Amino acid sequence: MKVRLEKRVAASPVYRFFSPVLAVIMALIFGAVFLWASGFNPAEVYLKMWWGAFGDSYGISETVVKAIPIMLCALGIALAARMLLWNVGAEGQFYMGAVAASWVALSMRQAPAWQVLPLMALAGMAGGALWALVPAIPRALLGVNEIITTLMLNYVAIHWVEYLVHGPWRDPGSLNFPLSAPFSRAARLPMIGDTRVHAGLLFGLAAATLLTFVLWRTKWGYEVRVIGENPRAARYAGMNITRNVMIVLCAAGALAGLAGMAEVSAIAGRMQKGLSPGYGYSAIIVAWLAKLSPWGIVVVSILFGGLLVGGYSAQFIGVSAASVNMLQGAMLFFVLAAEVMGRYRIRVSLSGAGVDASSSRPAGPVQEAADMGGERARE
């Protein structure tokens, strides 16, 4: 018996639309089985998580607070993915943006808010963009796989932050805890109302609006989409792929860096170890669940923030944090599986006779010829 994946001529539009919902349902079913096997009532756990995240004003505000950095990182990841660039380095770009913003805040302790906050935002974006430029140059000029380089740079950025807060930036009054000196009041992003929701939410909404406009209303956005859908045609049309690769990755890094600035300024109020619980990685799931749509990312980010906050609530009834992380991982797995099944069909061959597992019908020579013809036409 031989099992292989065969590329579909065209994915079903209905399947493409509903595949994220299908992935979430499958992840919830998988999580329910795991919770049941661990001795918990899945319905009780899910209800607890839902009420913890959306049951009152405090839960909703905490959900939005968690969604803000994920939203900004996911927008950058989606922009890069539009051009088939797999930026998995948002976590490191987030940290480097936070470092650059913290440097401004610690250097301008006497400056008023109207001076220090814009400079912190610009520094955060510059820090993330420069960190993304490191893998962008070898990707654009030499074709080096950006998945490996962006992923490895995450660890460099995290350890760089640890070095700073254990060494040169450690506050003498922190009792040897890995913390920098607290920022001045002027370097703190304002909150919205009496909640912990901060002005970073406005950054995310503005970025989603700008990204929607740029991708669908500008010549550059058109180039990005064409390069992502058909690089050969883009090159034949005279589009500069090398330049666009570097610009897109730097823009993605700038958005992640802005997320780092917002988090360190509004929530932490100082640079510290473990600033992110994995926002850059969660953003990958969000970007693909939203099908790379900017406004879809805004919605999915809030739902994903609810998953994080609900996970904390579930811990009150004994569910471990690792179980919640497992649920996030399962969601990513099923999102990727749904994406693969939309692009490929499983073909099982028994003793030389082809069986199409996805449609349960024999795959005879006529069908194979039709499929091959379709693939060639697509090429």
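Predicted model: local features only at pLDDT ≥ 70, side-chain atom pairs only at ≥ 80, totals over all residues.

Does Phe 17 count as buried or exposed, and at what relative accessibility? Phe 17 sits in helix α1. Its relative accessibility is 60%, so Phe 17 counts as exposed, the cut-off for that class being over 50%.

**Stop 1**

**Stop 2**

Now select Val 24, Leu 28, Leu 303, Phe 304 and Met 331 and show the surface around them. The second largest pocket holds about 580 Å³ of space. Helix α1 gives the most, with six residues. By class, the lining of this pocket has 18 nonpolar, one polar and two charged residues.

**Stop 2: the cavities**

How many cavities of 30 Å³ or more does a search of the whole structure find? There are two.

For the largest cavity, select Gly 31, Leu 35, Val 45, Tyr 46, Met 49, Val 319, Ser 323, Val 324, Met 326 and Leu 327, which line it. Its volume is about 70 Å³. Two or more lining residues come from each of α1 (13-37), α2 (42-54) and α13 (321-343). Of these, α13 gives the most, with four residues. The lining of the largest cavity counts eight nonpolar and two polar residues, and no charged ones.

For the second largest cavity, select Ser 19, Pro 20, Trp 288, Lys 291, Val 335, Ala 338 and Glu 339. The volume here is about 50 Å³. Helices α1 and α13 each supply at least two residues of the lining, and α13 has the largest share, with three. This lining has four nonpolar, one polar and two charged residues.

**Stop 3: two residues with positive phi**

Stay on Lys 291, one of the residues that line the second largest cavity. Lys 291 lies in the loop between α11 (279-289) and α12. Its phi is near 60°, a positive value in a residue other than glycine. With a relative accessible area of 27%, Lys 291 is partly exposed.

Next select Asn 176, in the loop between α6 (146-166) and α7 (200-217). Asn 176 is not a glycine either, and its phi is positive at about 70°. Its relative accessible area is 58%, so Asn 176 is exposed.

**Stop 4: the salt bridges**

Side chains of opposite charge can pair when their charged atoms come close. How many salt bridges does the structure hold? It holds three.

Select Glu 62 and Arg 196, whose side chains meet in a salt bridge at 2.8 Å, N to O. The pair links distant parts of the chain: Glu 62 is in helix α3 (residues 57-81) and Arg 196 is in the loop between α6 and α7, 134 residues apart. Glu 62 counts as buried at 9% relative accessibility, while Arg 196 counts as partly exposed at 38%.

Move to Glu 146 and Arg 139, another salt bridge, also given as 2.8 Å, N to O. At 4% relative accessibility Glu 146 counts as buried; Arg 139 is partly exposed, with a relative accessible area of 23%.

Then select Asp 171 and Arg 270, a salt bridge in which the closest N and O atoms are 3.6 Å apart. Asp 171 is in the loop between α6 and α7 and Arg 270 in the loop between α10 (241-268) and α11, so the pair ties together parts that are 99 residues apart in sequence. Asp 171 is buried, with a relative accessible area of 15%.

**Stop 5: a last distance**

Finish on Ala 126, in helix α5 (residues 113-142). Ala 126 counts as partly exposed, at 36% relative accessibility. Draw a C-alpha to C-alpha distance from Ala 126 back to Glu 62: the two are 64 residues apart in sequence and 28 Å apart in space.

Terms used
Residues numbered from 1 in each chain as written. Heavy atoms only, no water. 1 Å grid on protein atoms, 1.4 Å probe; cavity = no way out; pocket = protein on both sides within 12 Å on 5 of 7 lines; lining within 4 Å. Points joined across faces, edges and corners; volume = space filled by probe spheres on them. Nonpolar A, V, L, I, M, F, W, Y, C, P; charged D, E, K, R; others polar. Buried < 20%, exposed > 50% of the residue type's maximum accessible area, 1.4 Å probe, protein only. Salt bridge = Lys/Arg side-chain N within 4 Å of Asp/Glu carboxyl O.
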